Amino acid sequence: MNPALITLIQALAPVAVDLAVKLIEVIKTEDMAKLTPEDWLALLKHSQKSSDERLAAIVARRTAG
Amino acid sequence: MRPRIVSAFLALAVLCLLPGCGHTKAQRVLHKSTDSLGLSVNAAHDAMAEFMTQRALAELGPTAAAPEVMAWIQAQPEWQKTRELYTRFFAVYELWVKGNAAAVSGDTVLQLDVALVLGAARDLFAFVGEYVPQVKGWLQ
């Protein structure tokens, strides 16, 4: 086998491991405490509004007005 | 000549696997998957809304006006639960997306486990599935 190829494959292995570790780091939960109650409230209100709007659109389509 | 081409491809592969680049690609794939999940959650929510609207019209009469139908639906515990589960999913989802964006840019803010996003969606699908058969079994 080409020595350059062997060198590249050897170089690839630790990089691949590093990538896997980074991916795991991204999807793990880190610091829930950084979220304030206000942050939660804002997110919840936004989603509630979205739910209400979607329901209203469906009801409007199915009723006379 | 051939080994050089192979080496060039391998070098490209190494470049694509470099933490920053590979990381971003993986994020993109993950985002696409969760985007689809968000669409499915909207679909489950809307299927329940359709179901509740039909129930309201059966209860109030086919000529019932929209505000009356809305009020009837919003008073039902099963709709309140659907709204709660939907709200929870998107709150968790938004946080997850923000956390990932921050991670990509090297910032260290809150990062949520993707399992929380999946769990929130699964809870909604399971609940709506009790009323709307086509949603039953989503993400099981």
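Trainee: Are B:F90 and B:Y93 buried or exposed, and how do you know?

Mentor: B:F90 is buried, and B:Y93 is buried too. Buried means under 20% relative accessible area, exposed over 50%, and partly exposed in between, with a 1.4 Å probe and protein chains only. Keep in mind that this is a predicted model, where local features need pLDDT of at least 70, side-chain atom pairs count only at pLDDT 80 or more, and totals for chains, interfaces and linings use all residues. Residues are numbered from 1 along each chain as its sequence is written, chains are lettered from A and ligands numbered from 1 in the order in which they are written, and side-chain values use heavy atoms, leaving out hydrogens and water.

Trainee: What makes the rings of B:F90 and B:Y93 an edge-to-face pair?

Mentor: Rings of Phe, Tyr and Trp (its six-membered ring) pair if their centres lie within 6.5 Å; planes under 30 degrees apart count as stacked, over 60 as edge-to-face and the rest as tilted. Here the centres are 5.8 Å apart and the planes stand at 85°, so the pair is edge-to-face.

Trainee: Why is the pair of B:F89 and B:Y93 called stacked?

Mentor: Their ring centres are 5.6 Å apart and the planes are at 20°, so this pair is stacked. Both B:F89 and B:Y93 are buried.

Trainee: Which residues form one aromatic cluster?

Mentor: B:Y86, B:F89, B:F90 and B:Y93 do.
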